[in-house]
Amino acid sequence: MKILVIIVTYNAMQWAERCFDSLRRSTAKPDMFVVDNGSTDGTQAYIQEHYPEVMFQQSELNLGFGKANNLGLQYALDNDYDYVYLLNQDAWVMPDTFEKLIAISRKHPEYGILSPFQMEANMKHIDINFIRNTCCWASSPELLDDIYLQKNKEIIQVSKVMAAHWFMTRDCLNIVGGFSPTFAHYGEDDNYLQRVNFWGLKVGVTPDMKVVHDRENRQMTVKQIIFRFYIYTLTLLSEKKISLKDFIVQSLKALLMILRFKSLRPLWDMMRILVQMPAIFRNRRISFKVKRAFLEG
């Protein structure tokens with residue numbers, strides 16, 4: 001079974017050693033494909049010097065998360081990889097992560113994407129966004145019940161899980177394709193999961209497996225709250241059954257945010273989305289009509 005790990009890097013020096021060393025220690029040896037989005041801290045030289053086995057691609061521009069990962073996804077399809085693992089630069093795996101995921105995936109081919117439980121670096125706490133987005137009732141009504149009642153399931157189906165650790169099957173890539181160009185950074189994984197479900201594949205987490213996503217739990221600023229509203233609106237408009245009416249509703253919500261935060265940024269964001277609307281709807285049509293969307297052939 002051939003597995004390709006895709007890592008998009010941007011100023012990754014503080015994590016590079018732990019991330020790439022964890023891949024070297026894997027019992028199921030993966031190939032590694034790195035797209036660097038224009039690092040300025042020496043990430044490129046460090047990876048190429050210390051990990052010469054890495055297939056390294058330098059981008060002169062910051063392509064964002066989705067477009068950069070699409071380069072790796074295309075490479076995986078062109079070179080007959082059975083599985084792809086999307087790994088954040090600030091994350092790392094355990095030695096048996098790939099071996100276990102391959103075994104589970106072969107027994108449950110209906111799952112296009114799997115993720116282990118994503119932990120903080122101290123391994124004492126679950127990553128806060130994993131708790132908020134994946135371990136909630138909206139994502140999986142049965143997840144907490146299954147874990148608390150010790151039902152010992154290999155996989156628990158969810159609707160949302162961060163792309164910091166995504167184990168993807170070749171079938172998933174052949175059917176769903178790559179990330180939508182509607183999303184430069186953030187929101188692309190939520191949109192992709194919508195499309196996975198539309199094409200009849202499942203998304204799951206493996207509760208007996210743990211991996212690391214190393215980041216600080218910072219309180220969101222007003223600027224970040226407004227930006228997340230913008231990304232959520234993009235995601236909403238990219239869903240299969242969402243129409244222009246939903247844009248109007250979001251515009252009214254933006255007005256409330258203007259009053260609440262005394263900032264005109266939400267208005268600017270909604271005007272920007274209005275200009276982007278033809279491209280958003282075009283990408284939406286492609287997402288739900290074309291297999292291997294946003295990838296070649």
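These notebook entries record what I looked up in a predicted model.

**Entry 1. Helix H1**

I began with helix H1, which covers residues 13-24. I compared the length of H1 with expectation: at 1.5 Å a residue, its twelve residues should span 16 Å, and the end C-alpha atoms are 17 Å apart, which agrees. I then listed the buried residues of H1 and found Trp15, Ala16, Cys19, Phe20, Ser22 and Leu23. Viewed down the axis of H1, these buried residues fall within an arc of 150 degrees, so they line one face of the helix. As background, I noted that an α-helix has 3.6 residues a turn, so residues three or four places apart point the same way. Next I asked which elements the buried residues of H1 pack against. The partners are the strands S1 (3-9), S2, S4 (83-87) and S5 (91-92), together with the helices H2 and H4 (97-107).

**Entry 2. Asp41**

I located Asp41 in the loop between strand S2 (31-36) and helix H2 (43-50). Not counting residues up to four places away in sequence, Asp41 touches Asn11, Ala12 and Met13. The side chain of Asp41 reaches the backbone nitrogen of Ala12 at 3.4 Å. I also checked Asp31, ten residues from Asp41 along the chain; the C-alpha atoms of the two are separated by 24 Å.

**Entry 3. Ser287**

I found Ser287 in helix H11, residues 265-289. Is Ser287 buried or exposed? Its relative accessibility is 1%, so Ser287 counts as buried. A polar atom of the side chain of Ser287 lies 2.8 Å from the backbone oxygen of Asn283. Leaving aside neighbours within four places in sequence, I recorded contacts of Ser287 with Arg195, Trp199, Ala293 and Phe294.

**Entry 4. Nonpolar cores**

I looked up the largest nonpolar core and found that it has 36 residues. Leu73, Ile113, Trp166, Met168 and Tyr192 have the most contacts inside this core. Helix H3 (residues 64-78) supplies the largest share of the core, five residues. Apart from this core lies another, of 29 residues, including Met32, Val54, Ile102 and Phe167. I followed Met168 in more detail: beyond four places in sequence, its contacts include Leu73, Ile113 and Tyr192. Among the other contacts of Met168 are Asp82, Tyr83, Val84 and Leu173.

**Entry 5. Salt bridges**

I searched the whole structure and noted eleven salt bridges. In one of them, Asp80 pairs with Arg170, with the closest N and O atoms 3.6 Å apart. Asp80 lies in the loop between H3 and S4 and Arg170 in helix H7 (residues 170-176), so the pair ties together parts that are 90 residues apart in sequence. Asp80 is exposed, with a relative accessible area of 51%.

Lys160 forms a salt bridge with Asp190 at 3.9 Å between the closest N and O atoms. This pair also links distant parts of the chain, 30 residues apart: Lys160 is in the loop between strands S7 (156-157) and S8 (165-169), and Asp190 is in helix H8 (residues 188-198). Lys160 is partly exposed at 32%, and Asp190 is partly exposed at 25%.

I ended with Lys151, which forms a salt bridge with Asp146, the closest N and O atoms being 3.4 Å apart. Lys151 is partly exposed at 45% relative accessibility, whereas Asp146 is buried at 4%. Asp146, Lys151 and Lys153 are linked in a network of salt bridges.

Conventions
Residues are numbered from 1 along each chain as its sequence is written. This is a predicted model: local features need pLDDT of at least 70, side-chain atom pairs count only at pLDDT 80 or more; totals for chains, interfaces and linings use all residues. Side-chain values use heavy atoms; hydrogens and water are left out. Helices (H or I, at least four residues) and strands (E, at least two) are DSSP runs, numbered from the N terminus. Contact means heavy atoms within 4.5 Å. A polar contact is a pair of N or O atoms within 3.5 Å; within protein, one must be able to donate a hydrogen and the other to accept it, and residues adjacent in sequence count only if both atoms are side-chain atoms. Buried means under 20% relative accessible area, exposed over 50%, partly exposed in between (1.4 Å probe, protein chains only). The expected span of a helix is 1.5 Å times one less than its number of residues. The arc is that of the directions from the helix axis to the C-beta atoms. A nonpolar core is a set of buried Ala, Val, Leu, Ile, Met, Phe, Trp, Tyr and Cys residues joined through side-chain atoms within 4.5 Å. A salt bridge is a side-chain nitrogen of Lys or Arg within 4 Å of a carboxyl oxygen of Asp or Glu.
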